[in-house]
Amino acid sequence: MADTARAERLDPALLKLAMILVVGALAPLLDSTIVNVAIDTLGRDLHTSLAAVQWVVTAYLLALAMAIPATGWLTGRFGAKRMWLISLVLFLAGSMLCGVAWNAGSLIAFRALQGVGGGLMLPIMQTLLLRAAGGRSLGRLMATITIPALIGPILGPVIGGLIVGNASWRWIFYVNVPICAVALILAWRGLPADAPRGGRRIDLLGLTLLSPGLAAIIYGLSQVGSHGGFGHAAVLFPLAAGALMLAAFVVHALRTDTEPAVDLRLFRVRSFAASSALLFLSGLSLFGAMLLLPLYYQQVRGQGVIAAGLLLAPQGLGSLLTRGPLGTLIDRVGPRPFVLIGTVLTALGTLAFARGGPEWLLAASLVVRGAGMSGANIAVMAAAYQGLDPADIPHAGSATRILQQVGGSFGAALLAVILQWQLTAHPRDTAYAHTFWWAIGFSALALVPALLLPRVRRAHTAEVTAGT
């Protein structure tokens with residue numbers, strides 16, 4: 001029993017490492033939600049159009065997407081600790097420069113610098129932690145390192161609303177400075193040094209195809225809302241160009257004799273392939289609806305920005321309620337049942353928004369929805385790394401981050417088009433109700449790859465047996 005209890009606790013050194021990295025990851029995840037709240041204010045204060053100021057968001061996303069594929073090579077060539085410190089410095093410098101931006105053009109350029117730092121951070125964090133964990137306690141580990149993804153959407157809109165309502169917009173960027181400074185100090189003193197792997201050649205052709213291809217796809221998806229659908233040339237051309245570059249990268253990665261930018265052979269591992277499909281589909285079934293919720297409270301319920309952010313807080317409460325025991329249960333039982341249960345709970349938590357109801361029912365539904373999203377996300381991320389060799393972790397980190405980014409962009413674009421289509425045919429409340437029904441329907445798609453995930457994690461039994 002004592003050995004079992006020890007096996008079910010995270011190693012203190014691993015927990016310390018996770019806390020150090022979580023502090024740094026909090027900055028980009030808070031930043032994106034804070035900036036979204038301030039878009040209208042930025043347009044007015046910088047005396048530019050809404051279309052131009054939208055590039056403050058778009059430039060960040062494009063730079064982030066282009067940085068992700070290079071992460072595997074950079075961590076191998078220069079070491080994960082060094083690259084973590086560099087990514088924090090880039091994000092800190094970008095934040096400070098954004099705060100002193102003198103016009104829309106300079107702000108957009110500095111946001112791109114921020115995006116490079118943000119794009120490097122999460123794959124590097126996963127690489128550092130998973131190497132340290134050695135394939136053990138993945139459920140509990142993911143429950144810890146996904147905390148920033150939980151805190152960002154809860155606190156971001158509230159902090160952004162308070163800043164925009166009471167201070168200069170420049171503080172939406174300066175707020176990152178103390179977070180990054182503390183994260184740098186902690187990382188410098190607390191992260192273990194790792195030796196770079198010499199002699200590894202960069203996959204220049206692969207990066208030339210993959211990074212611009214991802215950027216083109218995300219740019220095309222970001223134009224869907226402003227052009228009223230997928231049929232406009234400004235959407236179709238970048239999507240087609242990006243798809244062609246990604247197809248060329250697939251051919252190159254499978255045929256090259258050198259190590260590719262992202263090793264596609266990882267998809268031969270069943271758990272990784274199923275988790276990858278789920279990470280993409282989560283853009284539709286889980287996170288696409290995140291676009292609708294604040295708009296629903298503002299446009300249908302008539303709430304302000306700050307009030308809408310506070311009304312979404314119960315979703316974070318639901319995530320927190322499951323976070324403690326869930327990681328241990330995933331390590332014991334396996335990820336599949338928790339992905340299935342989490343997906344069903346997410347759909348049930350969205351049902352009240354599709355059918356309408358009093359505020360107390362919506363708040364209770366958000367608790368259920370938060371619990372479902374948290375459970376599914378932790379289980380999927382834990383499943384993605386089961387059965388992988390330590391050398392494959394940087395590639396897996398880049399691949400999972402790419403799928404999350406593209407899936408989230410696709411889900412947001414698709415639901416934005418559905419909402420716009422519904423608004424042309426129905427009153428506002430009915431249009432939102434129908435769009436939420438679409439989001440619930442997309443959840444069913446995630447159930448198919450979820451059935452391919454491992455049901456029982458045999459490695460857990462082996463760990464406990466080995467300790468007796």
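Arginine 111 counts as buried because its relative accessibility is 2%, where buried means under 20% relative accessible area, exposed over 50% and partly exposed in between, with a 1.4 Å probe and protein chains only. The model is predicted, so that local features need pLDDT of at least 70 and side-chain atom pairs count only at pLDDT 80 or more, while totals for chains, interfaces and linings use all residues. Residues are numbered from 1 along each chain as its sequence is written, and side-chain values use heavy atoms, with hydrogens and water left out.

Arginine 111 belongs to helix H8, residues 104–133; helices (H or I, at least four residues) and strands (E, at least two) are DSSP runs, numbered from the N terminus. The side chain of arginine 111 is joined to that of glutamine 114 by a polar contact of 2.8 Å, a term for a pair of N or O atoms within 3.5 Å in which, within protein, one must be able to donate a hydrogen and the other to accept it, residues adjacent in sequence counting only if both atoms are side-chain atoms. Not counting residues up to four places away in sequence, arginine 111 touches Asp31, Val35, Val56, Val57, Tyr60, Cys98 and Phe173, contact meaning heavy atoms within 4.5 Å.

Helix H5 covers residues 55–67 and reaches 18 Å from its first C-alpha to its last, close to the 18 Å expected at 1.5 Å a residue, the expected span being 1.5 Å times one less than the number of residues. Because 10 of the 13 residues of H5 are buried, this helix is largely enclosed by the rest of the structure.

Phe173, another partner, forms an aromatic pair with tryptophan 169. A search of the whole structure finds 16 aromatic pairs, and the one between tryptophan 169 and phenylalanine 173 is edge-to-face, at 6.2 Å centre to centre and 85° between the planes. Rings of Phe, Tyr and Trp (its six-membered ring) pair if their centres lie within 6.5 Å, and planes under 30 degrees apart count as stacked, over 60 as edge-to-face and the rest as tilted. Both tryptophan 169 and phenylalanine 173 are buried.

The chain as a whole contains 23 helices and zero strands, and buried residues make up 54% of its 468 residues. The largest nonpolar core has 107 residues, and those with the most contacts inside it include Leu21, Trp84, Leu129 and Leu191; such a core is a set of buried Ala, Val, Leu, Ile, Met, Phe, Trp, Tyr and Cys residues joined through side-chain atoms within 4.5 Å. Helix H8 gives the most to this core, with 12 residues. A second, separate core of 22 residues includes Tyr296, Ala352, Phe353 and Tyr432, and ring pairs link Tyr296, Tyr297, Phe353, Tyr432 and Phe436 into a cluster.

Threonine 75 lies in helix H6, residues 71–78, and counts as buried because its relative accessibility is 2%. Its side chain reaches the backbone oxygen of glycine 72 at 3.0 Å. The C-alpha atoms of threonine 75 and threonine 127 are separated by 8.6 Å, although these residues are 52 residues apart along the chain. Leaving aside neighbours within four places in sequence, threonine 75 is in contact with Ala80, Met83, Ile124 and Pro394.
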